[in-house]
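We will go from one stop to the next, with a short note on what to look for at each.

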Amino acid sequence: MQQQEIHDFLIKYFQSNNCEIVENNSGYFVVQLTIEMDKELMNRPFYWHYLEKTGGEPNPMRVTMITDQMKTPEDLKGENIHFGSPRLHQIFESTKRLASFIRLFENIKPFSGGQYPLFPWLCQNVKVSYKCDRKKDVFISVGLNLITGEILENFHNRILNLHVTPKIPDFSYTLSPLIMPSSGLNRLDTYIRRTFEGDDHSWAEEAVKRWDNDLQLLEHFYEEMEEKNETYFTEKEALRSQYEPKINISVVNGGLFYLTEKAI
Amino acid sequence: MKINITSDTAWGDEFLERINEDGPWANWELFKMAVQIEEHLAIPEFEGLQAPKHLPQLKPLPHQLEAAKQVVENMNGKAILADEVGLGKTIEAGLILKEYMIRGLVKKVLILVPASLVTQWAFEMNTKFHIPAVVQHKSYVWDSCDVIVSSIDTAKREPHRTIVFNQEYDMIIIDEAHKLKNNKTKNYAFAQSLKKKFCLLLTATPIQNKIEEIFHLVSLLKPGHLGNASLFSEKYKGRGTAINEDHHLKELVNTVMIRNRRADTGIEWTKRIVETVIVEFTPSEQALYDAISEFRPDNAVGIGSTFSALTLQREACSSREAVFYTLRNMEKKNENPSQEFLDKLDNLYAKVNEVEQNSKAEKAVELIKKINDKVIIFTEYRATQLYLQWYLKQHGITSVPFRGGFKRGKKDWMKDLFQKHAQVLIATEAGGEGINLQFCHHLINFDLPWNPMRLEQRIGRVHRLGQEEDVRIYNFATQNTVEEHILKLLYEKINLFEKVIGELDDILTKLDISNIEEYLIDVVGDSRSEGEMKIKMDNLSSMIQFAQEMKEGKKHAATGNP
């Protein structure tokens, strides 16, 4: 992530969370936190607890964030934010937590005055991690049509350009899903598993080879010990946790999208 | 092949709940941002390093990046980082740790370092790598924090021990790992019984004396890599280290060890400027030294008596206080002293009393005043250290003491005092390791250790990455004493001080001198005449030089024949 991207990202984050941007320059900005955002980010539970007990005037913080030191006046006090800085990662985590579940409706202008139906789609953005002593992630986005059972990949990118709204538009109505959301979740899980089971897993085979190799060395090392001691079993277990190949599927976010028939 | 696939169901459960409750639903902008973040944070490849782009303000050197890459890609996260002193092993360890943390392979980490380095490690991990490392100071810390820095001595003691064994650590980092070269020690047993999924052992001197040391170190990391104990000793013990076997062993070791040498890093190092300062005894000092040289505690002969006689001589070169302290100890230890023994001691005490000045200390004060900048003085003896502290104070020079035995907090405090308020730091040998003092570039060896590796460690405290000035080393030696012999006949001959001696340990190993200190005591103590001693020393120094030339020759051959 470039510094400019980070800057834009932060501005969007605070705006989306109803914080006022007091000052916005190319190298830094000043934001007035809301009470909610102060609690979310500033990590001062005692202050808020105290305030609630005493009924004092809440005074959420005003924060200066510097995204480009070079473009910032030297005497400006603020927090340096860069990729990898704890603050940015805190905000990343916060974003993900605040944006786990969504429900949106496509909004189009009715062309003939009549009402139009919206089809329910169940969407999941998923991170699939390959893990052994190494690691790799694959990001995929899948959508399931809860009427037809059709599954589409790259779903997130497909809806990016649609005009969507959190409230159901005046001239539309939603179709009731034929597939219940809970079984929809199962279908997507099965779909993702199948996709990844069939993938190239030479990485896992290699890991098992490394594992076997180290196991053999271990056996050799303890060969002369007739009754194996605890250390032997600890080492053996350590090798398992180091090398055993695993695939882990975790949901980043997702939700329900009600879309017109021709939307995607 | 069949791979275990797990998926989390928590998201699904909460999602269904939100449907029932009709919300709350996220904001579309935030939702898109969350996806964007995840795409950024996803790790695209098994290979390569992610850590550098998370650490834009860290400017790792090429050899450090390469080391980190090697460990992650080719060593499966288990390695001995054995760069020469001052090349930034901590940076390498930090990079590797960060890499695994970013990849989500490591969460719980135990960093075991000498007590004097605990705070510094925690500080560096936090500031340079944004790794929230916490200093272990109360027992609850073990459970409540993910990344812990502790000394091995603390960790191995109850109640900590039990708690530590109950944690599931993903990575163990051990600094100054050469202290674990002996597999009979409790510390070794402790390190061995820790579960090591990923593990980094840091040491500047993977082999100090014996080839077995590397076996124990590697076996800690990867048991069986060098075979088992009986096989290894059968192959290498007593047979010296024949080149072929040595070559094979080296190759094997190199698959788990990274050793960068200063010369290979291409970094411009500041120079070492060495000056030998020969000090002349006053008559009373000379009288004490002569009396000590004559002195035999009892009439027994053998290593023990040679050793204590030599110790006393070396002490007489340092300070009368050091001599006195040792004599008193001898007296206390001897439960049934003969009258003869007591008379001898009384005679020596009288000589100690007659010494009215310390010529080396005078020289030191003169030098320190001239330098007019921060200076570190190393001495082997506590008594000398105390004396110097007092003596410098008499001359209006501010100093702080430093010893290995200091508690962690005190060490940090002393270092801080030295950096901010005092001109001189007086350190004993044990305090030499584990403090970084690159803000200082004058070093006085008030007396000399009889082990070249220990000397290198002393110098390494100041001549390391971050040192911007040329380092000036002043070696004090008293004329016509054992000290001068060692300095002139050995250390200067092999250019110990000027040269960057990272390879010296290899050389000593090749020579199969199991313990250089004992060997020197033999040479100096048991030679019947000065002539004999000179010859023996000459032999040793030419052996070392020869081994060195062989090594250099090989290197040239290797570079000339790609």
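Here is a tour of the two chains of this predicted model.

**Stop 1: chain A as a whole.** Along the principal axes, the C-alpha atoms fill a box of roughly 80 × 60 × 45 Å. Buried residues come to 31% of the chain.

**Stop 2: the domains of chain A.** Now colour residues 3–98 as domain 1, 101–201 plus 247–259 as domain 2, and 203–244 as domain 3. How far apart are the C-alpha centres of domain 1 and domain 3 of chain A? The distance is 48 Å.

Stop 3: In the model, residues 208–242 of chain A are 77% helix and 0% strand.

**Stop 4: over to chain B.** Select chain B, with its 562 residues, of which 43% are buried. Its secondary structure has 26 helices and 14 strands. Of the chain B contacts between residues at least 6 apart in sequence, 77% join residues at least 24 apart.

**Stop 5: the largest nonpolar core.** This core has 71 residues, and Ile111(B), Met171(B) and Leu201(B) touch the most other members. Helix α5 of chain B (residues 89–102) gives the largest share, 7 residues. Next, centre on Ile111(B): leaving aside residues up to four places away in sequence, it touches Trp121(B), Ala133(B), Ile148(B), Val149(B) and Ile173(B).

**Stop 6: two cis peptide bonds.** Zoom in on Gly23(B) and Pro24(B), joined by a cis peptide bond with omega of about -5 degrees. Pro24(B) sits in the loop between α1 (10–21) and α2 (28–41) of chain B. Then go to Glu158(B) and Pro159(B), where a cis bond has omega of about 5 degrees. Look for Pro159(B) in the loop between α8 (152–155) and α9 (160–166) of chain B.

**Stop 7: positive phi.** Asn76(B), not a glycine, has a positive phi of about 55 degrees. You will find Asn76(B) between α4 (62–73) and β2 (78–81) of chain B, in the loop. Is Asn76(B) buried or exposed? Asn76(B) counts as buried because 22 C-beta neighbours lie inside 10 Å. Finish at His130(B), another residue other than glycine, with a positive phi near 50 degrees. His130(B) occupies the loop between α6 (118–129) and β4 (133–135) of chain B, and with 21 C-beta neighbours inside 10 Å it counts as buried.

Terms used. Residues numbered from 1 in each chain as written. Chains lettered and ligands numbered in written order. Predicted model: local features only at pLDDT ≥ 70, side-chain atom pairs only at ≥ 80, totals over all residues. Helix = DSSP H or I, 4+ residues; strand = E, 2+ residues; numbered from the N terminus. Buried ≥ 20, exposed ≤ 12 C-beta atoms within 10 Å, placed from the backbone. Contact = placed C-beta atoms within 7 Å. Core = buried A, V, L, I, M, F, W, Y, C linked by C-beta atoms within 7 Å. Domains from an automatic or database assignment.
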